[in-house]
Amino acid sequence: MALFDDDFYSTKVPRKSRRQAPLSPSYPVPRSFRVQPRRSSMLKIVLVSALTSAVTVFAVLGALIWYHNSYPAAASASMLPLEQTGGNPYEQLTRVAEQVRPAVVSIVNYQNGEKELDTPPALDESALGSGVIFRKEGGKAYIVTNNHVISDADEVDAVLTDGTMLKATVVGADFISDIAVLSVSAKDVDTVAPIGDSDQLQLGETVLAIGNPLGFNGTMTSGIVSYDNRLIPVSLNQDGNYDWEQNVIQTDAAINEGNSGGALVNLSGQVIGINTMKIADTGVEGLGFAIPINEVMDNAEQLMKNGKINRPYLGVYSVDLDNEYAYRSYDEEEPESKKPELPDSVKEGAVVVEASGPAKAAGLAADDVIVQLDREKVGSTLELRKYLYNHKKAGDTLKVTYYRSGAKKTVNVTLESQPDNHK
């Protein structure tokens, strides 16, 4: 049961502002549940949070005590680094709670509600998530969270663990990396989370997830690093076309709606990831994911400096050639898809649905099938985007090889900076 709406990642995300994380093709199970939204007041957030936070901490402690008594050798091996607290995992856990938990905040996303006659439009609590305070400077405290937590917000509040509510300003947000940076007044902020090194993670290392699941502020859950360099394909535009890959840390620490933007912490009390999504389908348990903190901080620094992340812009919206809706899928008056005219040897590529900006200026048009960028073969929209973002920058010249009406052509495109509203 959910107390609040939340733009949490799942395999079924009906709104366009959310992403999809697919299951393996070998598991064609029904997609995730959708928690029914309910409204509640901020007073409920604070009251419920205070109670449930205490219950959660004691529950985690109890479980670890039982586990340690039953399997002392295994428990000791998973609690790294033990030398900092004399080998006592319980002290390690409580120290992490004291060190990091006050720096994890609740994020409330307000959006304009329905306007009633003779009254100004009201703001509704439209989404709830988490955030991590990572820096204080110049009278401000800076919070990192997920872009989807604050997406479409008209106002954003950050709520400290003691219930103090602070007006937040969006410093910068990035749709591709799903990272956003907020600022609040530093007057009431006492704790900043230590930042770790996600490149030093070890498989099986014990981690804690801290966040605001279902409005239960300050909740801690525990687990291990199940996989440290997982690539999850996502559909950025929710069109069923997986056009980006998210590098994530996989964990079995419980992550629920509202944990998005919260901290994944090691037992040294350092943030090593930002919790961002889970697979939530029938029969699926313990598959949560966090963006590695090294990647998060690189993006956060760019957002603080420029308000956005500078990427090259080609100007094509494309779908995969092997997608059944690839050809003219955008034309509602042409219900049956037509196969593009291609040589028999061409089985993969990115079909241009719409060309704009530099691509249009260079002569690319709808129905062109892009098969190569520079010397790199391109078999899908995902490969096109990866090559573009990983190897090129604004101002570079990109050689595009494509098919039009069965004929192979090439064109040079001068890349521009990605527009602010580009997705």
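Among the contacts in the chain with a separation of 6 or more, 66% are between residues 24 or more positions apart; contact means heavy atoms within 4.5 Å. The model is predicted, so local features need pLDDT of at least 70 and side-chain atom pairs count only at pLDDT 80 or more, while totals for chains, interfaces and linings use all residues. Residues are numbered from 1 along each chain as its sequence is written, and side-chain values use heavy atoms, with hydrogens and water left out.

The chain has 423 residues, and 52% of them are buried. Buried stands for under 20% relative accessible area, exposed for over 50%, and partly exposed for what lies in between (1.4 Å probe, protein chains only). The secondary structure comes to 7 helices and 20 strands. Helices (H or I, at least four residues) and strands (E, at least two) are DSSP runs, numbered from the N terminus.

**Strands**

Six strands form a closed barrel in the order 7-8-9-12-11-10, with antiparallel pairing. From one strand to the next, the twist averages 50°. Here axes are lines fitted to C-alpha atoms, for helices over the stretch in contact, and angles run from 0 to 180 degrees between N-to-C directions. Two strands count as paired if DSSP finds at least two bridges between them.

Strand 9 (residues 244–251) is largely enclosed by the rest of the structure, because 6 of its 8 residues are buried.

| Strands | Sense | Bridges |
|---|---|---|
| Strand 8 (residues 219–234) and strand 9 | antiparallel | 7 bridges |
| Strand 9 and strand 12 (residues 288–292) | antiparallel | 3 bridges |
| Strand 18 (residues 397–404) and strand 19 (residues 407–414) | antiparallel | 8 bridges |

Individual bridges can be named. Val225 has Thr251 of strand 9 as its bridge partner, and Val234 has Trp244 of strand 9. Gln250 stands opposite Phe289 in strand 12. Leu398 is partnered by Val413 in strand 19. The hairpin of strand 18 and strand 19 has 2 residues between the strands, and Ser405 takes a positive phi near 55° there.

**Helices**

The expected span of a helix is 1.5 Å times one less than its number of residues. Ile293, Val296, Met297, Asn299, Ala300 and Leu303 are buried in helix 5. These residues cover an arc of only 165° around the axis, which puts them on the same side of helix 5. The arc is that of the directions from the helix axis to the C-beta atoms. On the face turned away from the buried side, helix 5 carries the exposed residues Asp298 and Lys305.

Helix 3 (residues 89–100) has 12 residues and reaches 16 Å from its first C-alpha to its last, close to the 16 Å expected at 1.5 Å a residue. Its buried residues are Pro89, Gln92, Leu93, Val96, Ala97 and Val100. Seen down the axis of helix 3, the buried residues fall within an arc of 135°, so they line one face of the helix.

**Cores**

A nonpolar core is a set of buried Ala, Val, Leu, Ile, Met, Phe, Trp, Tyr and Cys residues joined through side-chain atoms within 4.5 Å. The largest has 45 residues, of which Val100, Ile107, Val132, Ile133, Ile143, Val184 and Val271 touch the most other members. A second, separate core of 30 residues includes Ile232, Leu236, Val378 and Tyr387.

**Loops**

Ala253 lies in the loop between strand 9 and strand 10 (263–266) and is buried, with a relative accessible area of 3%. Leaving out residues up to four places away in sequence, Ala253 touches Ala209, Thr221, Ser222 and Gly223.

Most residues other than glycine have a negative phi. Asp152, in the loop between helix 4 (147–150) and strand 4 (155–159), has a positive phi near 65°. Asp152 is partly exposed, at 47% relative accessibility. Asp178 also has a positive phi, of about 60°, and sits in the loop between strand 5 (165–174) and strand 6 (179–185). At 1% relative accessibility, Asp178 counts as buried.
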